[in-house]
Amino acid sequence: METAPQPRARATRSIWLDAAYDLFVQDGIEAVKIMPLAKKLNLTRTGFYWHFKDLAELLSGLVDLWQSRNTGSILERCALPADSLCSALFNLTDCWIDPDLFDAPLDLAIHNWARNDAKLQKLVDASDQARLDAVRGIFLRFGKPPEAAHYRALTTILTQSGYYTKQVIETRMDRALAGCHYVEVFAGERPTQQEIDAFLSRHRGGGFG
C-alpha cells in the first residue's frame, strides 16, 4: 500500500516560485492560484503567506524572473566584447540555443499573458524594445547604417522568436548548425571557420532545445 507524501515543515520562497513557474509555462496564468500551488507542493495555504503578501506578489516574482533570465541575458550577450560582427552575433545566438541563457517557454508564456493585461503589455513592449535596441547596437557597432541595422536586428529577433512560438523541436547541435547559417544571413558576410568552430564547440554534446 502506497503511503501519502509527507508535508514539508517549511518551504522556501524559491520553492513556491518554482512551482508557480511550472504551472505558468504549462497551463498559463489562469492556472497560477494559491490552492493549486499548495496542493502541488503538499503544503498548506498558510505557508504561502510566510513568503508572499498575496498572489499579486507571486506573479510579480514571475515577471522579475522573466526580465532577469531573458531580457537580461540578451542585453548581456549583446554587450560582450567581440572582434567581428559574426562573433558578436554568435554571442547573441547562444541565447537561442542554451536554455540556461534564455527560457523560451517562459518568454512565450509572458507574452501570452500580456495580451490580456494592459499593464504587463506595456512592460513587455518596453522589454522587447530594449532587446531590439541592444541587437541593433551590435550592427551599429560594426558599421551598418542605422536603417540597415534596425531591420537586420528586427529580422534576427523575429526569426528566433518564431522558433519558440512555433515550438520547433530539434537537437541542440542541429540548432547550432542552423545558427551558423542564420548568422551569415543576418551579418551579410560569412563567419570565419575559426568563429564557426568556437561557436559549435560551445554547444557540442547538448540535448534538445
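In the predicted model, the domain assignment divides the chain into domain 1, comprising residues 11-52, and domain 2, comprising residues 66-202. The contact between them draws on 4 residues from domain 1 and 7 residues from domain 2. The centres of domain 1 and domain 2, computed over C-alpha atoms, are separated by 31 Å.

At the level of secondary structure, the chain contains 10 helices and 0 strands. Its order along the sequence is accordingly written α-α-α-α-α-α-α-α-α-α. Along the principal axes, the C-alpha atoms of the chain occupy a box of roughly 60 × 40 × 30 Å. Of the 209 residues of the chain, 44% count as buried. Among contacts in the chain with a separation of 6 or more, 65% are accounted for by residues 24 or more positions apart.

The interface between the two domains was examined next. Domain 1 and domain 2 bury an area of about 470 Å² between them, and carbon and sulfur atoms contribute 79% of this area. On the side of domain 1, the residues that lose the most area to domain 2 are Tyr21, Phe24 and Ile29, which together provide 81% of what that side buries. Across the interface of domain 1 and domain 2, 1 residue pair is found in polar contact, with both residues at pLDDT 80 or more. Classified by residue type, the side of domain 1 that touches domain 2 has 4 nonpolar residues, with no polar and no charged residues. The number of salt bridges between domain 1 and domain 2 is 0.

Leu62 is located in helix α4, which spans residues 55-79. Leu62 counts as buried because its relative accessibility is 0%, below the 20% limit applied to this class. Apart from neighbours within four places in sequence, Leu62 is in contact with Leu17, Ala20, Tyr21 and Phe24.

Two residues other than glycine adopt positive phi values. For Asn42, which is not a glycine, phi is positive at about 55 degrees. Asn42 is placed in the loop between α2 (34-41) and α3 (45-48). With a relative accessible area of 30%, Asn42 is partly exposed, since this class lies between the limits of 20% and 50%. Gln167, likewise a residue other than glycine, has a positive phi near 55 degrees. The position of Gln167 is in the loop between α8 (146-165) and α9 (172-187). Gln167 has a relative accessible area of 58% and is therefore exposed, the limit for this class being over 50%.

The loop between α8 and α9 also holds Glu170. The side chains of Glu170 and Arg175 are joined by a polar contact of 3.1 Å.

Key
Residues are numbered from 1 along each chain as its sequence is written. This is a predicted model: local features need pLDDT of at least 70, side-chain atom pairs count only at pLDDT 80 or more; totals for chains, interfaces and linings use all residues. Side-chain values use heavy atoms; hydrogens and water are left out. Domain bounds come from an automatic or database domain assignment. Contact means heavy atoms within 4.5 Å. Buried area is the accessible area (1.4 Å probe) that two parts lose on being put together, summed over both. A salt bridge is a side-chain nitrogen of Lys or Arg within 4 Å of a carboxyl oxygen of Asp or Glu. A polar contact is a pair of N or O atoms within 3.5 Å; within protein, one must be able to donate a hydrogen and the other to accept it, and residues adjacent in sequence count only if both atoms are side-chain atoms. Ala, Val, Leu, Ile, Met, Phe, Trp, Tyr, Cys and Pro count as nonpolar, Asp, Glu, Lys and Arg as charged, and the others, Gly among them, as polar. Helices (H or I, at least four residues) and strands (E, at least two) are DSSP runs, numbered from the N terminus. Buried means under 20% relative accessible area, exposed over 50%, partly exposed in between (1.4 Å probe, protein chains only).
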